[in-house]
Structure formats: structure tokens, C-alpha cells
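I opened my notebook to look up a few residues and see what surrounds them. Here is what I wrote down, entry by entry.

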Amino acid sequence: MIPSFKRTTILTALMSLTLFVLLLRLGFWQLDRATQKQEIAAEYASRRTAPVIDLAQLDEPDPDRIRWRRVNASGRYTAPDVLLDNRTRFGQVGVDVLSPFTLANGTTVLVDRGWIAAGSARETLPAFTTPTAPTEIDGYAGPPVFSGLRLSAAADTVEKLRPDLLRVQRIDLDALASQVGVSLEPFIVYLDAAASNGFDRRRPVPGDGSARHQAYATQWFLMAAILVIIMTGLIYRKKNRVDPN
């Protein structure tokens with residue numbers, strides 16, 4: 001029969017080992033996230049210096065090839081506008097305003113025109129205008145912004161507020177295309193800060209935040225080290241109490 005001390009020691013060791021492995025996995029996961037962010041930031045920086053792409057000259061735009069590239073196009077904004085909900089900026093809740101933009105060749109891209117503050121109540125819709133006259137857009141191409149966690153299929157629901165206005169919790173281009181009534185290109189155009197017909201466009205640089213993930217990784221690794229020190233001390237003290245010799 002295993003003595004009580006040994007059973008407790010074995011159980012404590014197994015629990016500590018499980019927690020130790022978990023802490024290490026969390027730390028390495030954060031390091032992996034930091035590496036991914038660094039790669040995105042490097043790709044963004046290198047592609048921003050490449051020549052500007054005229055979207056009208058692309059027969060079938062490849063989202064991977066033009067990702068983070070500067071783009072421009074001529075055409076006009078069309079309805080409906082899309083509000084990307086629950087976008088926080090400087091501690092204030094608001095929405096990103098995205099509008100379909102149809103080029104002269106008939107293709108349509110979704111343009112992120114920037115952020116505006118939300119109303120005092122959810123029923124109070126933010127006031128903004130969308131031009132209908134022909135215009136030009138300048139910005140960069142990128143994937144849809146990630147917004148929140150997908151907890152259920154309800155997160156992808158397109159809420160129709162008015163015939164000319166939709167609200168979503170996350171960007172699903174296929175779901176939006178069915179509501180807009182035309183096919184949407186598989187990328188977003190993020191309007192430049194200096195471009196007209198936009199709102200607050202002080203966006204974080206794609207890939208920014210790797211230092212935060214590195215800091216989180218350091219915290220997890222420190223917790224793993226502290227756990228080893230604590231459990232080693234506890235086991236040693238128990239052993240001495242049971243067998244002082």
C-alpha cells in the first residue's frame with residue numbers, strides 16, 4: 001500500500017506537471033503569435049513601397065498578390081453601406097463604415113472608409129453621408145478586419161437597418177454580397193487618411209503588437225518557473241516533516 005505522503009506527493013507532482021506544460025504551451029503560443037505579427041508587419045512595410053495598382057487593370061485580382069499593396073480606382077459608391085459594429089477607438093465604442101464601390105469595368109470592392117462614434121443608444125444610428133457622384137479612391141488592399149469572436153452563426157447575421165444600410169458583427173464578404181446584390185472582390189480597400197469621403201482612419205499598422213505577445217510569453221514562462229520553485233519547495237518540506245533523517 002502506498003503511504004499517504006507518497007500518494008499526496010505523486011498527485012501534487014502530476015497536477016504541477018500538467019499546469020507546467022500548460023503554461024509552457026501558452027508561452028510558446030504567444031511567441032508564435034508574435035512571430036506571425038512580425039511577418040505581417042514586414043510584408044506590409046515592403047509592399048507599401050511597391051508601385052500603386054490600378055484595380056481596373058486587374059482581370060481577376062489575387063488577394064494574396066495585392067495584399068497590403070497601395071491601390072486606386074475610379075468609379076462610384078453604391079448602396080447599401082455597411083456598419084461593422086463594436087469597433088473601439090480610444091476607449092469609445094463606434095463602428096467602421098464600409099461602402100461598396102463599383103468600378104467602371106463593373107467590378108465591386110468593399111471600401112473601409114474609417115471609424116465613427118456610435119450613438120448614445122444602439123437604436124440611434126450614426127449620421128454620415130455617402131457620395132453618389134463618380135469619384136476616385138486611394139488606399140491599400142487587405143483582408144477583412146477581424147472583429148470579435150465567432151461564438152455562433154448569429155455573429156455572421158447581416159442586420160438590415162434600412163434599404164441603404166446594413167449592420168454586421170464581422171465581415172463575411174459572401175454573406176454581404178447576397179445582400180448587396182453583386183459579387184464583391186475577395187479583399188477590402190482601406191481608404192487612405194488623406195482621401196476624401198472618409199472618417200477617422202487612424203488604424204493600427206497591420207502586424208502591430210508583436211511586443212505585447214512577447215510580453216505575454218515572458219509572463220507565462222515566469223509563471224512556469226515560479227511554479228517549479230514553489231512545488232519543489234513544498235515537496236521538500238513535506239519530505240522533511242515525514243522523514244527528518
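**Entry 1: a threonine.** I began with Thr135, which has a relative accessibility of 19% and so counts as buried, since buried means under 20%. I kept in mind that this is a predicted model. Thr135 belongs to strand β6. Which residues does Thr135 touch, leaving out those up to four places away in sequence? I found Ala73, Ser74, Gly75, Tyr77, Phe101 and Asn197.

**Entry 2: a charge and a ring.** Tyr77, one of the residues that Thr135 touches, made me curious. I saw that the charged end of Arg113 sits over the Tyr77 ring, 5.1 Å from its centre.

**Entry 3: ring pairs.** How many aromatic pairs does a search of the whole structure find? I noted seven. I looked up Tyr44 with Tyr140, an edge-to-face pair with 5.6 Å centre to centre and 75° between the planes. Tyr44 is in helix α1 (residues 4-48) and Tyr140 in strand β6 (residues 135-142), so this pair links distant parts of the chain, 96 residues apart. I checked both for burial: Tyr44 is buried, and Tyr140 is buried too.

**Entry 4: another pair.** Phe128 and Phe199 are also edge-to-face, at 5.9 Å centre to centre and 80° between the planes. Phe128 lies in the loop between β5 (108-117) and β6, and Phe199 in the loop between β9 (184-191) and α4 (210-242), so their pair ties together parts 71 residues apart in sequence. I wrote down that Phe128 is buried, at 19% relative accessible area.

**Entry 5: a cluster.** Last, I traced ring pairs that join Tyr44, Trp68, Tyr140 and Tyr190 into a cluster.

Technical notes: Residues are numbered from 1 along each chain as its sequence is written. This is a predicted model: local features need pLDDT of at least 70, side-chain atom pairs count only at pLDDT 80 or more; totals for chains, interfaces and linings use all residues. Side-chain values use heavy atoms; hydrogens and water are left out. Rings of Phe, Tyr and Trp (its six-membered ring) pair if their centres lie within 6.5 Å; planes under 30 degrees apart count as stacked, over 60 as edge-to-face and the rest as tilted. Helices (H or I, at least four residues) and strands (E, at least two) are DSSP runs, numbered from the N terminus. Buried means under 20% relative accessible area, exposed over 50%, partly exposed in between (1.4 Å probe, protein chains only). A charge sits over a ring if NZ of Lys or CZ of Arg is within 6 Å of the ring centre and within 35 degrees of the ring normal. Contact means heavy atoms within 4.5 Å.
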